[in-house]
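Welcome, and thanks for taking a look at this protein. Please have the sequence and the 3D view open side by side as you read.

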Amino acid sequence: MSLFTVDKDKCNFCGMCVDECSPRVIVQDGQKSPPYMIDNGEEDCLRCGHCVAVCPYDAVSIEGMAPEQCDPLKRRLLPTAEQVELLLKSRRSIRSYRDEPVPREKLEKLIDIARYAPSGHNSQPVQWLVVENAQETRRMGGLVVEWMRAIVESKPEMAANMHFDRIVEQCDAGYDYILRGAPHVVVAHADKVNAVMAPTASVTALTYLELAAYAMGLGACWAGYFHFACGSYKPLQEALSLPEGHQVHGAMMVGYPKHRFSRIPLRNAPAIAWR
Ligand SMILES: Cc1cc2nc3c(=O)[nH]c(=O)nc-3n(C[C@H](O)[C@H](O)[C@H](O)COP(=O)(O)O)c2cc1C
């Protein structure tokens, strides 16, 4: 089977698939002929499925992606612009969590949504590690404190600049400054061979995940200290046990929020230049 196929009985030659093809490998010889893929087009095709998804006649397929495999877009379920604005502005970093695990199906749902985030060249390089066990989450948070403590001792000036001394103090006093008592941490990682696309793809996917968590009544917060420690602290890397050659590109705490916010805090006015 060729990569790109058109059901000529269904195609009405509208050219939408041609217009939407990012690498321009789908073409049409005039307005009354069916679209086709250029010779060797499969080498440049992103497998993004735009040609399948844009066709209103279900005429286009690519290998492994037929129209009937793709969910129909139920426009009536889309939120209004006002609802989206409210969702985006009222999302908060959650730092108090209920002592209650999130069911696996909900964690899976978050990742199912996050995988629809854009990625350079549709490379979809992000892989996930979900620390489902709350005790393991706490243990990993403890490893980050160990890492910080070592830096406080070996490089006190640098540690003070990053407030590690204060964070360690708070942790020693029993407050989980690293993962805020969240029962789970979701880690986005990728093979180092994807070093160009993976960092942005991971951050984008985690941003989707954070927003999806909020929409589902969950709470989330970027785990920046955790991510920082993943870069160099061997015991934490061992605890993660990522596949060989993989690198962490971001991590998100996830749990049920203890509190509800009543207002939207102010943010800086945007700095915009117009040309
Ligand atoms: C890359 C990144 C790393 C972050 N790391 C942490 C973290 O380790 N702990 C934490 O409590 N918040 C962390 N945050 C959350 C920010 O502090 C938060 O986004 C900011 O204070 C604004 O609050 P808001 O997200 O509720 O608007 C991080 C945010 C980003 C984008």
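## The overall picture

Please keep in mind that this is a predicted model. The protein has 275 residues, of which 36% count as buried. Its secondary structure comes to ten helices and eight strands, and the C-alpha trace spans about 75 × 45 × 45 Å along the principal axes.

## The largest pocket

Rolling a probe the size of a water molecule over the atoms shows where empty space is left. The largest pocket has a volume of about 2,000 Å³. Its lining is made of 43 residues, and A53, D71, P72, L73 and Y116 are the ones nearest the centre.

Which helices supply the lining of the largest pocket? At least two residues each come from α2 (50–54), α3 (81–90), α4 (104–114) and α8 (198–215). Sorted by class, the lining of this pocket holds 26 nonpolar, nine polar and eight charged residues.

## Two cavities

The structure also holds two cavities of 30 Å³ or more. The largest cavity has a volume of about 80 Å³. It is lined by 13 residues, with C21, I26, C45, C48 and C51 nearest its centre. That lining divides into nine nonpolar, two polar and two charged residues.

The second largest cavity has a volume of about 70 Å³. Residues around it include C11, C14, C17 and C55, along with F13, M16 and Y57. By class, eleven residues of this lining are nonpolar, one is polar and none is charged.

## How α3 meets α8

Two packed helices are described by the angle between their axes and the distance between the axes. For α3 and α8, the angle is about 105° and the axes are 10 Å apart. An angle of 65 to 115 degrees counts as roughly perpendicular, so α3 is roughly perpendicular to α8.

Where do the two helices touch? On the α3 side you will find L87, L88 and S90, and on the α8 side L211, Y214 and A215. The residues of this contact are five nonpolar, one polar and no charged.

Is T204 buried or partly exposed? Its relative accessible area is 22%, and buried means under 20%, so T204 counts as partly exposed. Leaving aside neighbours within four places in sequence, T204 is in contact with A117 and P118. For a sense of scale, T204 and E146 are 58 residues apart in sequence and, C-alpha to C-alpha, 29 Å apart in space.

E210 also has its place in helix α8. With a relative accessibility of 5%, under the 20% limit, E210 counts as buried. What does E210 touch, not counting residues up to four places away in sequence? The partners are R91, R92 and S93, then A220, C221 and W222, and finally M252.

Methods: Residues numbered from 1 in each chain as written. Predicted model: local features only at pLDDT ≥ 70, side-chain atom pairs only at ≥ 80, totals over all residues. Heavy atoms only, no water. 1 Å grid on protein atoms, 1.4 Å probe; cavity = no way out; pocket = protein on both sides within 12 Å on 5 of 7 lines; lining within 4 Å. Points joined across faces, edges and corners; volume = space filled by probe spheres on them. Helix = DSSP H or I, 4+ residues; strand = E, 2+ residues; numbered from the N terminus. Nonpolar A, V, L, I, M, F, W, Y, C, P; charged D, E, K, R; others polar. Axes fitted to C-alpha atoms, helices over the stretch in contact; angles between N-to-C directions. Parallel < 35°, antiparallel > 145°, perpendicular 65-115°, else oblique. Contact = heavy atoms within 4.5 Å. Buried < 20%, exposed > 50% of the residue type's maximum accessible area, 1.4 Å probe, protein only.
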